[in-house]
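The structure comes first, then the contacts and the make-up of the shell.

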Amino acid sequence: MTLTGEQTWPNPAEWTGKIYSEGWRTSEGGIHQVVEPATGAPLARVGHASPRDVERAADSAARAASEWGATPPSERAGMLMRAVGALREHSGAIREWIVRETAGVPAKGDYEIAAGLAQLQHAIGLASRPLGEVLTPQSPGTTSLAWRVPLGVVGVITAWNAPLLFAMRALAPALALGNTALLKPAPLTPVSGGVLVAQLFREAGLPEGVLHVLPGGAEVGRAVAADRHVAMVCFTGSTPAGREVARVAGEGLKRVSLELGGKNSIVVLADADVEAAAAAGAVSSFGYQGQACVAAGRHVVHTDVVEAYTEALVRQGEALRTGDPREDGVALGPVISERQAARIERIVEESVAAGARVLSGGPREGLFYPPTVLDRVDRTMPVFTEEIFGPVAPVIPVRTEDEAVEVANDTAYGLTAAVHSGSVPRAVAVAQRLRTGMIHINDVSAKDAANAPFGGMGISGNTSRIGGTASLEQFTQWRWMTAPGP
Ligand code: NAD
């Protein structure tokens, strides 16, 4: 792939310092500066939405909702097909933005683009899916019908780690099913998670007023969640912020979909292919600097193979170069911010002070944190109890499958897990005892698919799921009608 060093699309003259609300326009909340994590250099300036901007956008989205909800499915599908075309056409520039703004390597940009395309393609089918039932009427000679209708205005609040994907996985189905939307991207990534998304849908011919992009911080998210026109809030982010969003939205009796944090285990049974399991473990803990809700935060390994597994994990981690993600051969970019880097460091230092041992990795240089493997970890240490969101792999030995299940389930989170074994039925039997919304056999913990229900149990969510049939349920509601006559 080629990184040009220039942002060729979309034209910065159109959107710099602006929000997207019935076209690009100057915001009342001022300007928000975006910085490139790898260099600390200024990268872009976007508009910062004010409370009045949010109110105006929600009014506009509410006005647009009845017309957009009534457009024939073929028109909505056509818009999504054009969005697929636009995403493909601009994939080079989009990859560059993702690399520079989220500090992921180019392959991470490619992944987000492919996953975004998959979300749009899947949503094309949703637009024309049959959405109702003919019911047996209570009285002869009458008709009873039930069908699903759009919710109206959907508020989408996203995290910074896969900003394009998080916007697409909510907006593609929400728009396909006839809703309008307010998108509030994370303040660290308002271009990849907001500006690019607005421009793609604009080029796809989405009518003005149907989608508004409102960059800003938590206060803008709160305003979106609280607005009287917003019928549903689709939130991707941390568990504490999700709790607050749920409280604010609950006041307005809105539907809330929460995709929150995780403390995910790679479970390695005694008969596993150790090299393959360690490769999956390394990808799951170190890929994109471990900054994924679905990253592996625990390696729960049978004592028979723990030495070989740990050695392989250390070796594979040490082979990964950390540096500017735009440079060839770099596998890990910097972590996203000083706040995140200091948090990872604190979790490791406190765990080491409590007796954990660093086998590889170690001190960071600024935001650059090398792949780090720890052993001698016990269940009271922060590295075991907290979501790390950094390239740190704690290894915990277990003597039995029962103990593996107990250790993996020893968390209030319940997002995802992976189980490795030479016997798939054996792995499946263990997997079925894990309390997670997603589970993968002989694979990484970090997977997603547009046609699969993504989401977690416990404090990883509120039982909502996004993707596939789940999106159909999330972004519509039932209406029942009876009428005289057949
Ligand atoms: P965050 O919770 O700080 O922010 C997420 C978004 O919510 C941002 O847009 C932020 O501005 C907004 N926000 C924050 N506080 C808010 C409030 N009180 N009201 C309304 N909006 C608010 O999370 P982050 O640091 O951006 O992302 C990291 C976290 O997100 C991790 O915990 C990670 O596991 C989780 N995450 C979950 C998923 C998932 O699909 N389950 C995906 C990615 C990230």
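A residue counts as near a molecule if one of its heavy atoms lies within 4 Å of it. The ligand has 30 residues around it, and T158, K184, S238, L260 and E387 come nearest. This is a predicted model, where local features need pLDDT of at least 70, side-chain atom pairs count only at pLDDT 80 or more, and totals for chains, interfaces and linings use all residues. Residues are numbered from 1 along each chain as its sequence is written, and side-chain values use heavy atoms, with hydrogens and water left out.

Polar contacts (pairs of N or O atoms within 3.5 Å) include these:

| Protein atom | Ligand atom | Distance |
|---|---|---|
| E387, side-chain N or O | oxygen | 2.5 Å |
| L260, polar backbone atom | nitrogen | 2.6 Å |
| W160, polar side-chain atom | oxygen | 3.0 Å |

On its own the ligand has 850 Å² of accessible area (Shrake-Rupley method, 1.4 Å probe), and the protein covers 90% of this area.

By class, the shell consists of 16 nonpolar, 8 polar and 6 charged residues; Gly is counted as polar, and Asp, Glu, Lys and Arg as charged. Domain 1 (12-260 + 461-483) and domain 2 (264-449) each give at least three residues to the shell, with bounds from an automatic or database domain assignment. At least two shell residues come from each of α6 (163-176), α8 (218-226), β10 (230-236) and α9 (239-251); helices (H or I, at least four residues) and strands (E, at least two) are DSSP runs, numbered from the N terminus.

Conventions. A polar contact is a pair of N or O atoms within 3.5 Å; within protein, one must be able to donate a hydrogen and the other to accept it, and residues adjacent in sequence count only if both atoms are side-chain atoms.
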